[in-house]
Amino acid sequence: MGLFDNAVPGGNITKPLMIALGALLVGKMLSGRSADQPDQQTQAPAPTEANPGDGGLLGGLGGLLGKLRDAGHGNVADSWVGTGQNQSINANDLGAALGPQVIHEIAQRTGMDEQELLKQLSTALPGIVDRLTPNGQVPQQHQVASAFNS
């Protein structure tokens with residue numbers, strides 16, 4: 001996985017988890033198919049969220065961080081972006097911040113149980129966001145997409 005090696009405890013990111021991270025951060029690209037293949041599962045975007053082709057279900061990394069801030073977890077999100085120690089987030093808090101519709105959509109894309117998905121995302125996101133923001137700044141969406149392609 002290159003950039004994401006050792007980004008999660010144990011150093012192993014499973015394919016379903018990469019699909020979930022891709023759905024959150026880069027859209028259809030990581031729906032379990034290559035970008036140029038048709039994707040029947042994700043044709044319809046979630047009606048209240050950003051278009052999945054435009055930076056994931058939440059509008060990219062900035063959208064994810066915004067959701068966390070809006071839910072009262074700004075200090076946690078900021079710790080992931082900043083250069084200091086990453087704070088953890090509990091799976092239920094992450095689920096509440098992302099919302100049930102987003103969690104359901106990602107669980108469908110990955111084939112994972114929603115609770116297991118939240119558990120894995122809450123473990124992985126601090127390290128992944130930290131790796132995507134090495135200088136303490138949120139990268140542009142194309143840079144995030146490039147990181148997932150490498």
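**View 1. In helix α3, the buried residues are G74, V76, A77, S79, W80 and V81.** The model is a predicted one: local features need pLDDT of at least 70, side-chain atom pairs count only at pLDDT 80 or more, and totals for chains, interfaces and linings use all residues. Residues are numbered from 1 along each chain as its sequence is written, and side-chain values use heavy atoms, with hydrogens and water left out. Here "buried" is under 20% relative accessible area, "exposed" is over 50%, and "partly exposed" is in between (1.4 Å probe, protein chains only). Helices (H or I, at least four residues) and strands (E, at least two) are DSSP runs, numbered from the N terminus. With six of its eight residues buried, α3 (residues 74–81) is largely enclosed by the rest of the structure. The cover over those buried residues includes α2 (61–70) and α6 (114–132), where contact means heavy atoms within 4.5 Å.

**View 2. Zooming out for a moment, the chain has seven helices and zero strands.** Read from the N terminus, the elements go α-α-α-α-α-α-α. Of the 150 residues, 48% count as buried. Take the contacts with a separation of 6 or more: 68% of them are between residues 24 or more positions apart. The chain's accessible surface comes to about 7200 Å², and 47% of that belongs to carbon and sulfur atoms. (Areas are from the Shrake-Rupley method with a 1.4 Å probe; for residues, only the protein chains shown count as cover.)

**View 3. Helix α1 is largely enclosed by the rest of the structure, since nine of its 11 residues are buried.** Those buried residues are L17, M18, I19, A20, L21, G22, A23, L24 and L25. They pack against α2, α4 (91–98), α5, α6 and α7 (141–149). The next three views take α5, α6 and α7 in turn.

**View 4. α1 (residues 15–25) meets α5 (residues 100–110), with axes that come within 9 Å and cross at roughly 140 degrees.** That puts α1 oblique to α5. Axes are lines fitted to C-alpha atoms, for helices over the stretch in contact, and angles run from 0 to 180 degrees between N-to-C directions. Under 35 degrees counts as roughly parallel, over 145 as roughly antiparallel, 65 to 115 as roughly perpendicular, and the rest as oblique. On the α1 side look for P16, I19, A20, A23 and L24, and on the α5 side for V102, I106, R109 and T110. Sorted by type, the residues of this α1–α5 contact are seven nonpolar, one polar and one charged. (Nonpolar covers Ala, Val, Leu, Ile, Met, Phe, Trp, Tyr, Cys and Pro; charged covers Asp, Glu, Lys and Arg; the others, Gly among them, are polar.)

**View 5. α1 and α6 cross at roughly 65 degrees, their axes coming within 10 Å.** This crossing of α1 and α6 is right-handed. From α1 come L17, A20, L21, L24 and L25, and from α6 come L117, Q120, L121, A124, L125, I128 and L132. The α1–α6 contact divides into 11 nonpolar residues, one polar and no charged.

**View 6. α1 and α7 pack at about 170 degrees, with axes 11 Å apart.** The two helices, α1 and α7, are therefore roughly antiparallel to each other. M18, L21, G22 and L25 of α1 touch the α7 side, which supplies Q141, V144 and F148. In this α1–α7 contact there are five nonpolar residues, two polar and no charged.

**View 7. H73 sits in the loop between α2 and α3.** H73 has 15% relative accessibility, so it counts as buried. Leaving aside residues up to four places away in sequence, H73 touches L68, I89, D93 and A97.

View 8. G62 counts as partly exposed, at 41% relative accessibility. G62 and Q140 are 78 residues apart in sequence, yet 8.8 Å apart in space, C-alpha to C-alpha. H104 also counts as partly exposed, at 40% relative accessibility. Its C-alpha atom is separated by 6.7 Å from that of E114, with H104 and E114 10 residues apart along the chain.

Conventions: Left-handed = near helix turned anticlockwise from the far one by under 90°.
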